[in-house]
Amino acid sequence: MTLRSRILLGFGAVVLVPLAVFGLRIRTEMANRLTAQYQQRVQSLVAIIRADLAQQALGIAARLDALKDGIATDNRFRLAALQGTDQRYLLDYAGSAMRLAGLSLLQIQDDQGRIISSGHFRNEYDRLAPELPRLLTRAPEGTALVVARTAEAQFLALARLDSLRLGGRRFTLAAGVALDSGFLARLARDSELTVALALPGDTLAAVDSAGQAVSELIVPFVAAGDSAELGSARIVVQHSLASLAALRRGVDLSFLAAAVVTAAIALLLAGWLSARISRPLAELARKTTEIDMDRLDVVFENARDDEVGALTRLLGAMTERLRGGAVRLREAERRIAMGDLARQVNHDIKNGLIPIRNVLRHLVQAAGEGPERLAGAFQDRARTVESSVSYLETLAANYARLYPQPAREPCDVNEVVRETLRRIGSSGHATVRAELADGLPRARTDSLVLRRILENLVGNAVDSLELLPGTVTVSTRVGGTTDGGAAVRITVADTGKGMTKPELERAFDDFYTTKPGGTGLGLSIVRRLVLDANGALRVETERGAGTRFIVELPGEGA
Amino acid sequence: MIPARPLLSPARRGAVLLAIALSGCAPSPRPAVGPAEPAPGDAACQIVSGPEVRRESLLVAVTEPVDPVHAPVPRNAAERLVFAQLYETLVQVDCGGRVGPALARSWMADRAGRRWTFTLREDARFWDGAPVTARDVVASWASRDTTAVASVAAVDERTVNALLTRPAETLPPLFADPALAVRKSAPDRGWPIGTGAFWVGAATASAEAVRAAPLGAGLPVIVFRVVPERDQRDLLDEPVDVLVTDDAAALDYAGTREQLVSAALPWERTYVLIAPARIGAAPPALNPATIAREGLWRAVRGDARTAAPPYWWEDSPGCPRIDRAGQPPRPAPIRRRVTYARGDPTAQELADRLVALGAVGSGVVAAGLSPREFSTALQAGSEWAYVVALPRRVLDPCRMMRQSLPSTYAASLVPLVDTRSHAIVRRGVVRLGVGLDGTLRFAPP
């Protein structure tokens, strides 16, 4: 995983995890508190409903008292109820009284339990219904929910019972107010609160209280029918959790939005920070990979005062030290090479002077033996002297070729190639040929240096044929670009025996040679000349197939 | 409660009903010629005596709408009262069931009793002054809604021949049915032009009031004011001269006012329970004996009694029977309801009482339907049972049966109660007579 990825992940974790913990905590706390508030409101409403029902019961009782007073003083009612006169007045009495008293239910029964007047259902007169007063009498506090009947439907009423005596007979009055959906809705003054009535057997009894704020009030209940019993109804108050759910959704959305925005900001910051950290490091890594013993001009510069700046400066100082070390190394190498060369020159000169000194000793000995012997001795040994001198001359010429002074003027590579091959001439066993490209740019190299390079490479190539027939090909063409300009590629290929891997590894070492009489400096010099010309040299060889030396020199304008 | 004043003695009522019942019997070989009895409109059919002072106009309150589109066949009591003053039939039937001349001054039948020949009155005129001819009678009957008359033809200017589908020994009262009233279309397509003693035009009638102007001398202008939602006691205070009502409060109030007199009209409506035969369900266990025992009339606030036979729907030769043997029973409805036409308090009270008694089955409730819904449901037989108001007496039983009773399914019909209205009249301002079907007629002084 890259440093940048780690920084991004780290930032995300550092920012999002606390935010998530905060959000979840807020959400949970909010839900708990609101649920507790809802439950409190539900409990309060239940208390209000209980008080309201008690108030309603008191109101019904007061209206029953007033009705009793009215009936007791109504002679027309008395005659109708006791003597059976004016039945129509009696039938309509409860309806009028019920409406005047603001009731929804009023039923007057005689002592036999026979309905003599009914306000909510006028034409149920003469029906025996003793259960209602019997059960209402048993109800706690004398009040109960009653399923009352009309011709068209049933309705629910909160009812109470009272009685009066007329002419020695007892008459009961059951009165009530409708407990319809409107009544329940009025109890639930808050739109989020619902009040429902659960009668015995209602499915509402299975309300799931786990997920809602629920409370209930038990109320005595009298069902309709001749076999009615006193049961219990429940007024169930529920608080809708819709607002809490909506609040939760809002919080979730807000949290999500905050998380997205925070994550985006964190990613941007992390990206910027990681770029600020990793980009200089990547640049340092790239520059570091460029460092080589032949390429120590890489510059490490950074004005930052942080760790990256310090690292850059350290690398710069290290490169600087490397450059100094390389100079010293080259100097050491040069001195070693000069020492080796001096020893070689000393050795070679000694090898050349020893025959001459021996000849001189021979001539001195001959001169000592007589002048006539001198001439003979000289005659005998003149070839030796000449051979030694020639050897020394050859030796001198070879050393003189070791390092020419470069002029560093652009040269025509093809012309230099042609001139070099002309100077080398042809060998009996080797075919030397040129394959020169047209439109070749001029090389930014001294022509004498280039000729020295070519003489060494072509000479080595011809020598590699070891007097066997073969071909040495010198070709030119436009090479790759270097520093923005075209390069000139010169290839010297032979069809000789090629080099082994150990030979290839030491091919550019000073004084390493596989040729009899070779100095072992040719390829070393070639390499140095190419590098001094800011060029590149590489070799491709295959045992038994030949060797190709490829020289790339910067072209003019590069 | 205002005591009902009997119009006829019980013996006479029985004779009248018998005469009506026998009106469709087999023909006699002897032709009938009329009028054979005294002209109707005598004192026996007057419910309010003549005026002590002559009035230029009378204000009559009606509590139901009056629509000229229905003329001359009424759809409610208000239209029956108004149309009766405007349109005439060839004959008229008085409260005793006697047939008397109206547009026709005489009539006679052939020996078979099927072809009846009417001679029109010489002075019979339409409101526009045009004489009433036999062709006018034929044209009026062209769209007749009766199956009793097979054909009609004009013999000459004043003679009309009517061929009955069934022979009759005496002139059937159906010729006094409003459906056979003589009229012609008005140029403005408004009120049809009639031949009655009063006339109405588009300019004198609106939805709120109908002004009937007299064509002869000595008659007042009658203004019928349509007041459907008013407290009827307020109408009596305004003052209205004539009010036909079944409102007990109004009757009680009228009894406290010396200048008002009230008279009970004939029993004019019979409320019946119609229960379609059901698949897999027993019909309501209700019979006339149960009705009488339970005192169902007590459930009705208006003037009511236990329904008393005879009933025109039980013995009407040539008319379909309500039980319709052979008709497939109707599927039982999902909800068992005793339905009634909303706006008819008597029907509602009876439905309520039947539900309270459990007389139409357990779990049955009462339900009021709009008149249109009720009529549709009755014809379809889609409800458990129906409380229907039928006229007590009719002139054309077959037409009334088609109009008021279901015709596509078998059903049981149980009479419940008879009801009647009362006429409250300002004392001394008008003389009122009543027809066989309870129709009030403003008689000349």
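How many bridges join E3(B) to strand E13 (residues 242-245) of chain B? Two bridges do so, and the two strands run parallel. Here helices (H or I, at least four residues) and strands (E, at least two) are DSSP runs, numbered from the N terminus, and two strands pair if DSSP finds at least two bridges between them. Within this pairing, B:Ala61 has B:Leu243 of E13(B) as its bridge partner.

The structure is a predicted model, in which local features need pLDDT of at least 70 and side-chain atom pairs count only at pLDDT 80 or more, while totals for chains, interfaces and linings use all residues. Residues are numbered from 1 along each chain as its sequence is written, and chains are lettered from A and ligands numbered from 1 in the order in which they are written.

Strand E12 (residues 221-226) of chain B pairs in the parallel sense with strand E3 (residues 57-62) over six bridges. With strand E11 (residues 209-214) of chain B, E12(B) runs antiparallel, joined by four bridges. B:Val223 of E12(B) stands opposite B:Leu59 and also opposite B:Arg211. Six residues lie between the strands in the hairpin of E11(B) and E12(B), where B:Gly218 takes a positive phi near 90°.

Helix H2 (residues 77-86) of chain B is largely enclosed by the rest of the structure, because 10 of its 10 residues are buried. A residue is buried if 20 or more other C-beta atoms, placed from the backbone, lie within 10 Å of its own. The buried residues of H2(B), among them B:Arg80 and B:Phe83, pack against E3, E10, E11, E12, E13 and strand E23 (440-443) of chain B; residues are in contact if their C-beta atoms, placed from the backbone, lie within 7 Å.

In chain A, the axes of helix H10 (residues 447-464) and helix H12 (residues 522-532) come within 9 Å and cross at roughly 145°.

How values were computed: Axes fitted to C-alpha atoms, helices over the stretch in contact; angles between N-to-C directions. Buried ≥ 20, exposed ≤ 12 C-beta atoms within 10 Å, placed from the backbone. Contact = placed C-beta atoms within 7 Å.
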